[in-house]
Amino acid sequence: MTGLGIDADRLLGRLRTLGGTGRDDKGRLSRLAASDADRAGRDAVAGWMHDAGLEVLVDRIGNLFGVWRAGAEGAAPLMLGSHIDTVIDAGIYDGCYGVLGGIEVIQTLRDAGLKPERPIVVSAFTNEEGVRYAPDMRGSLVYAGGLGVEEALAAIGTDGTVLGEELARIGYAGPQEPGFLRPHAYLELHIEQGPVLEREGVPIGAVENLQGISWQRVTIDGVANHAGTTPMSMRHDAGQAAARVVTFLRDRVSHANAPTVATVGCMGFEPNAINVIPSRAVFTVDLRDPHEGRLQAEEAALARYLDELSAAEGVTIAVERLARFTPVIFDPRLVEAIEAAAKSHGLRSRRMTSGAGHDAQMMARICPAAMIFVPSAGGVSHNPREHTEAAELVAGANVLLKVVREVAGLTALPNKAPAGAVSLPSQG
Ligand code: HGY
Ligand code: MN
Ligand code: MN
């Protein structure tokens, strides 16, 4: 059955429906983890998993699974997936495309009467974005054993809520122990969220690695004083010091001949009054680099700068680590299978690094993992203007279908194991 393809209308229709689910009163898509909007999205996805004939399971951290129990007894499942939680004022493809693409691939295989040698599972991991509860990729991090489930459930959100209580409130505090299914391999279909594929006119990205991520929260304490009467030389201005950190980061990474990126995404002042010198500034720093040594060097440079700044401005500075993930190398055999699948569809592909964090980087801790990217228009993401052409979305899902047919034992994986390959567990 070589000409098998996904049902494009079904996939694109579900993407639109899910994209319209859980919008806020301003019409923005802000499906933050364990919120009412997340419940609405989860209910929709669980319904589609049912429609695809899958057994729907939920684990204690709220990860949602659609399980196709097939193949040899006790065979380790092939897992597909991503996330459906979003950032604030998000696009409709980030994460959702991988979950709905996974359901679509399984539904297509089942409708075609194909029988895999192993179970196939599609997952929607909790709190991949980390906007409400840091760190990000929390559901897959717990699933991969990188964070204890009790500790994760006790996380306090930016709104003061407790993750475990919110999951229970929305009805997604499940019974399964995280890690209850040990995957044979993990594949994630995702939009690139960057400009490379579109700029090069290449429809498929075979993602071979993913950069390291460092999230920190910085609190600067100065002295509130009158904006009009206090001479500049007598100020301990937390706002001014914070601004200097932002420009320090920008100048440093802009002048480095490296792919390092630095972002200050959140910032708040106290008392936050127009005529009061800020006594406190709290902001976040997101540093990323594919090379662990360079990432550590950037973290060390920032720490040195904060020490100097504290002395120069007469302020005190405290730093809290929110997340830290080292760069990840994906399984070369899966990457090759993605390239071969693209080629079998007459599609060009290119190997690439993921600039964004993904659940795949956590799943790579417990099984061979890789990602398939499709282009993002203008490289835009984490923005309502996020867009990928329908034909590109369908092409990516068909490449996933092809790789799944191979890895799930409908045809065998290439049996060469290039150096550095993570050996796939034996069949079964
Ligand atoms: O931050 C990230 O890279 C991902 O979108 N959570
Ligand atoms: Mn994502
Ligand atoms: Mn994202």
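Modeller: Along the sequence, the residues that donate to the manganese ion (ligand 2) follow the spacing H-x10-D-x95-H. In this predicted model, those donors are H83 through NE2, D94 through OD and H190 through NE2, at 2.1 to 2.3 Å from the manganese ion (ligand 2). D94 also coordinates the manganese ion (ligand 3), and the two ions are 3.5 Å apart. D94 belongs to the loop between strand 3 (78-83) and helix 3 (96-111), whereas H190 belongs to strand 5 (residues 185-191), so this pair ties together parts that are 96 residues apart in sequence. D94 counts as buried because its relative accessibility is 6%, under the cut-off of 20%. H190, at 0% relative accessibility, also counts as buried.

I turn now to ligand 1. The residues around ligand 1 are E128, E129, D136, W215, R288, A356, G357 and H382. By class, this shell holds four charged, two polar and two nonpolar residues. Several polar contacts can be described individually. In the side chain of R288, an N or O atom is 2.6 Å from an oxygen atom of ligand 1. For the side chain of E129, the corresponding distance from an N or O atom to an oxygen atom of ligand 1 is 3.0 Å. G357 takes part through its backbone, where a polar atom is 2.7 Å from an oxygen atom of ligand 1. Taken alone, ligand 1 exposes 210 Å², and the protein buries 94% of that area.

Conventions:
Residues numbered from 1 in each chain as written. Chains lettered and ligands numbered in written order. Predicted model: local features only at pLDDT ≥ 70, side-chain atom pairs only at ≥ 80, totals over all residues. Heavy atoms only, no water. Donors = N, O, S within 2.8 Å, 3.2 Å for Na, K, Ca; no water. Helix = DSSP H or I, 4+ residues; strand = E, 2+ residues; numbered from the N terminus. Buried < 20%, exposed > 50% of the residue type's maximum accessible area, 1.4 Å probe, protein only. Near = heavy atom within 4 Å. Polar contact = N/O pair within 3.5 Å; in protein donor to acceptor, adjacent residues only side chain to side chain. Areas by Shrake-Rupley, 256 points an atom, 1.4 Å probe, with all protein chains shown as cover. Nonpolar A, V, L, I, M, F, W, Y, C, P; charged D, E, K, R; others polar.
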